[in-house]
Amino acid sequence: MGDNKNNKKQASETKGNLSWWQLSLLGVAGTIGTGYFLGSALAIKVGGPSVIFTFVLAALGTYCVFNALAGMTAAEPEQGSFRSYAKKAYGKWAGFSSGWGYFSSELLIMGSQLTALSLFTRFWFPAIPMWVFASVYALLGLLIIVIGTKLFDPLQTTAAIIKLSAILMFIGLGAAGLFGWLSGGIKPHAPLRLTEIFPTGITGTWAALLFSFYAFGGVEVMGLMALRLKEPEDAPKSGRIMITVLAVIYVTSLVLVLTLAPWQSYGTKKSPFIQALATYELPFIPHLFNGVLIVAGFSTMVASLYAVTTMLVTLAQDKDAPSLFGRKVKERFPIYAYGFNAVLLGISILTALLLPDTIYESITTAAGLMLLYNWSFILITSGKLLKLTPFGQVKRYGGLLLILLAVTGTLFHKTGRPGFWISFLFIACIGLITLFMQKKVWTAEKPKRTKPDRKLIQSLKSNKYRFPGRVKKIKP
């Protein structure tokens, strides 16, 4: 009876002030960003028009992952979300490696986003170096995170509405161009023949799957935010609606992109949505869309910064990171975690300065792979902690299969290979550190078993020493 009271008390303490639709909007804000507006250009470059199918597959895989995470969240909300569930399922090593794996993925994602934001801004100021823009966006992002949820929530909600409106506006303009209602442009052509849909072959489609998954990156942040729901059991509904909306508008807008201009005409340095409308006499639209792309990229960068800060604090509180990063000023500001993340952002900016022409493709690939490694851990953990129905098991294994296809597909194209080896290096480092912690630190922290006092046990058994009551056997 007492345990039930404690569980109810704990559950009430974890409830927040978000409704399910607000979490959906925050999920949209954290998901639609450079991974879609610029990363889709990489998918088109690698797979051609077949990316329509890879985006559908990626949406299904994303749903499987979020469904598993939301199920665990509804059953038992945890501040560390998937990292805490991994620890519950498989022990300290799993929580440690999952937490640092996710931290590394979001770090790479922030580097990718800062690079993309700089590329977008150079549309207006081509003479200014990329690192200048990256520095400004990084400082603004840190400022928003420091101010807290009073600014973060309304900013992300507003950004979500702007991004959805922009995509819907593109769909409207694209449809107008398709029906010949706009001046200028080229003759639209829908790729319908098999050779047109799969111009780079099955291996090209296979390699494009990763970049399609990357466009859905951010749903795991909803797991961290789900703790703030009024009703944690609404987490699955919130995710289902968000992923369905994203899948429909992603596929619809990409169909228009691939119909309005040949897929070969799209480069990877500009958003395909701006390039698709460039031939029409719409003087203000490219500038308007570029502004929206910056808002989109900046909001996802802020969401990533929120995620890495939250994860670093929970790692520190669980003694999986230096305790310094868990300390808070005025019980609100994890100032040392902010400082550490600022240093890491500085490294990302320096990378953008040194490798301005090649960095985006490699970092985007590595970031997408690290994200998928973490997603696979979520699916594996759910099988341990949740009592899944047969259909639930199908979704779990189906999600794992799609992730495996996306990871292995990067080896079939030169665009993905450097990023694959970067992600492999990160995983190897995390694995070696985890092994070291397991052997040297966590083992040492376990209380040593003392050898039983055999003479005392024999004396107690023979009742040589008399004690009131029954003498119980001492277990070694």
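This report describes helices, charged pairs, aromatic rings and a surface patch in a predicted model.

Helix α7 covers residues 92–121, which makes 30 residues. From its first C-alpha to its last, α7 reaches 43 Å, close to the 44 Å expected at 1.5 Å a residue. Most of α7 is covered, with 28 of its 30 residues buried.

Helix α15 has 33 residues. The distance from the first C-alpha of α15 to its last is 48 Å, close to the expected 48 Å. Of the 33 residues in α15, 28 are buried, so this helix is largely enclosed by the rest of the structure.

N374 is placed in helix α17, which runs over residues 359–385. With a relative accessibility of 4%, N374 counts as buried. Its C-alpha lies 6.6 Å from the C-alpha of G101, although N374 and G101 are 273 residues apart in sequence.

The loop between α15 and α16 holds K319. K319 counts as exposed because its relative accessibility is 66%, and the cut-off for exposed is over 50%.

D318 lies in this loop too, between α15 (285–317) and α16 (335–354). The relative accessible area of D318 is 21%, so D318 is partly exposed. D320 is another residue of the loop between α15 and α16, and D320 is buried.

## Salt bridges

Side chains of opposite charge can pair when their charged atoms come close. The structure holds five salt bridges. One of them joins D318 to R83, with the closest N and O atoms 3.4 Å apart. R83 belongs to helix α6 (residues 82–90) and D318 to the loop between α15 and α16, so this pair ties together parts that are 235 residues apart in sequence. R83 has a relative accessibility of 3% and counts as buried.

R83 also meets D320 in a salt bridge, at 3.2 Å from N to O.

E196 is buried, at a relative accessible area of 18%, whereas R193 is exposed, at 55% relative accessibility. Salt bridges that share partners join R83, K87, K92, D318 and D320 into one network.

## Aromatic rings

A pair of aromatic rings is described by the distance of the centres and the angle of the planes. The whole structure contains 23 aromatic pairs. One of them is formed by F420 and W421 and is edge-to-face, with 5.1 Å from centre to centre and 85 degrees between the planes. F420 is buried, with a relative accessible area of 13%, while W421 is exposed, with 52%.

Elsewhere, ring pairs link Y36, F37, F55, F170, F216, Y250, F273 and F289 into a cluster. A charged side chain also sits over a ring: R396 lies over the face of Y397, at 5.0 Å from the ring centre.

## A nonpolar patch on the surface

V136, L140, L143, I147 and L151 form a nonpolar patch on the surface. Together these residues have about 390 Å² of accessible area. Helix α8, made of residues 130–147, gives the most to the patch, with four residues. An α-helix has 3.6 residues a turn, so residues three or four places apart point the same way.

V136 is a patch residue that lies in helix α8. Its relative accessibility is 43%, so V136 counts as partly exposed.

Key. Residues numbered from 1 in each chain as written. Predicted model: local features only at pLDDT ≥ 70, side-chain atom pairs only at ≥ 80, totals over all residues. Heavy atoms only, no water. Helix = DSSP H or I, 4+ residues; strand = E, 2+ residues; numbered from the N terminus. Expected span 1.5 Å × (residues − 1). Buried < 20%, exposed > 50% of the residue type's maximum accessible area, 1.4 Å probe, protein only. Patch = residues over 30% accessible without salt bridge, like charges linked within 9 Å, V, L, I, M, F, W, Y side chains within 5 Å. Areas by Shrake-Rupley, 256 points an atom, 1.4 Å probe, with all protein chains shown as cover. Salt bridge = Lys/Arg side-chain N within 4 Å of Asp/Glu carboxyl O. Phe/Tyr/Trp six-rings, centres within 6.5 Å; stacked < 30°, edge-to-face > 60°. Lys NZ or Arg CZ within 6 Å of the ring centre and 35° of its normal.
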